[in-house]
Amino acid sequence: MTDQPKIALITGASRGLGFHLAEALAPDYHIVAVAKTTGALEELDDRIKAKGGDATLAPMDITNPDAMAHLCRGIYDRWGYLDFWAHTAIYAQLLSPADHLDPKDLDRTIGTNITATGKLIPMVGPLLNMGPRRADVMFFDDPHAGEKFYGGYGASKAAQIAMAQSWQVETQNSDKAPRVHIVQPNPMPTGTRARFHPGEGKEALTHPRDEAPRLLKELGLI
């Protein structure tokens with residue numbers, strides 16, 4: 001069974017770390033790339049094909065549970081399993097004092113960073129249990145809980161990582177359940193960081209095209 005293809009799901013694949021994780025995994029994995037931006041997914045597809053790989057593009061919103069359930073069913077019907085899931089999709093709420101949080105912005109933050117993650121884990125988890133190899137999952141920590149002006153984003157990321165940590169300890173003694181990895185990438189010149197540090201020089205930052213393979217190599221995934 002080990003000659004079955006490796007299948008990787010990247011949620012948030014249109015830019016930044018997700019884009020370059022997908023590129024780094026090709027052609028060893030067939031990439032299922034999820035993002036809202038169709039044009040960016042098509043660019044990723046071109047990059048993957050240039051490396052001799054292939055991808056399935058899924059232009060959808062991770063906060064739409066019906067769409068994500070349909071995608072997971074499609075993955076099951078086509079392959080029956082997943083080998084890898086990287087959850088890079090995030091919403092970066094603008095920094096503000098806690099008593100000036102914008103309600104709509106906060107709803108979007110919670111919906112993307114917490115609620116969607118909590119719904120995706122039960123959808124994707126079974127696919128990660130069904131493959132011919134033990135699967136891997138990556139979550140990405142960005143600890144800002146309790147820092148000034150990070151009330152919305154910091155709290156949402158802390159909650160997301162708390163869910164991942166629970167899943168990590170629940171699966172760590174199983175030979176079949178996925179290995180759940182929680183990593184903290186080096187600072188990168190991404191759109192998320194630009195919202196928090198406008199005008200910051202990029203010289204000291206690590207580009208996602210370099211950070212993605214570094215993280216994957218550290219975990220022995222490439």
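Predicted model: local features only at pLDDT ≥ 70, side-chain atom pairs only at ≥ 80, totals over all residues.
User: Which residues touch the most other members of the largest nonpolar core?

Analyst: They are Leu 9, Leu 71, Trp 85 and Phe 139, in a core of 30 residues.

User: And which elements each supply at least two residues of this core?

Analyst: Strand 1 (6–11), strand 2 (29–35) and strand 5 (136–140) do, together with helix 3 (65–78), helix 4 (103–128) and helix 5 (151–171). Helix 4 gives the most, with six residues.

User: Turning to helix 4 and helix 5, at what angle do they pack?

Analyst: The angle is about 15°, and their axes are 8 Å apart. An angle under 35 degrees counts as roughly parallel, and helix 4 is therefore roughly parallel to helix 5. Their crossing is right-handed.

User: Which residues meet there?

Analyst: From helix 4 they are Leu 106, Thr 109, Asn 113, Ile 114, Thr 117, Gly 118, Ile 121, Gly 125 and Leu 128. Helix 5 contributes Gly 152, Tyr 153, Ser 156, Ala 159, Gln 160, Met 163 and Trp 167. By class, this contact has eight nonpolar, eight polar and no charged residues.

User: Staying in helix 4, is Thr 112 buried or exposed?

Analyst: Thr 112, which is found in helix 4, has a relative accessible area of 10%; buried means under 20%, so Thr 112 is buried. Not counting residues up to four places away in sequence, Thr 112 touches Ile 62, Thr 63, Ile 90, Tyr 91 and Thr 117.

User: Now helix 1 and helix 7: how far apart are their axes, and at what angle do they pack?

Analyst: The axes of helix 1 (residues 16–25) and helix 7 (residues 208–218) are 8 Å apart, at an angle of about 60°. The two helices are therefore oblique to each other. Helix 1 passes helix 7 in a right-handed crossing.

User: What makes that contact?

Analyst: On helix 1 the residues are Gly 16, Leu 17, His 20, Leu 21, Ala 24 and Leu 25. Helix 7 provides Pro 208, Arg 209, Glu 211, Ala 212, Pro 213, Leu 215 and Leu 216. By class, the contact has nine nonpolar, two polar and two charged residues.

Notes
Residues numbered from 1 in each chain as written. Heavy atoms only, no water. Axes fitted to C-alpha atoms, helices over the stretch in contact; angles between N-to-C directions. Helix = DSSP H or I, 4+ residues; strand = E, 2+ residues; numbered from the N terminus. Parallel < 35°, antiparallel > 145°, perpendicular 65-115°, else oblique. Left-handed = near helix turned anticlockwise from the far one by under 90°. Contact = heavy atoms within 4.5 Å. Nonpolar A, V, L, I, M, F, W, Y, C, P; charged D, E, K, R; others polar. Core = buried A, V, L, I, M, F, W, Y, C linked by side-chain atoms within 4.5 Å. Buried < 20%, exposed > 50% of the residue type's maximum accessible area, 1.4 Å probe, protein only.
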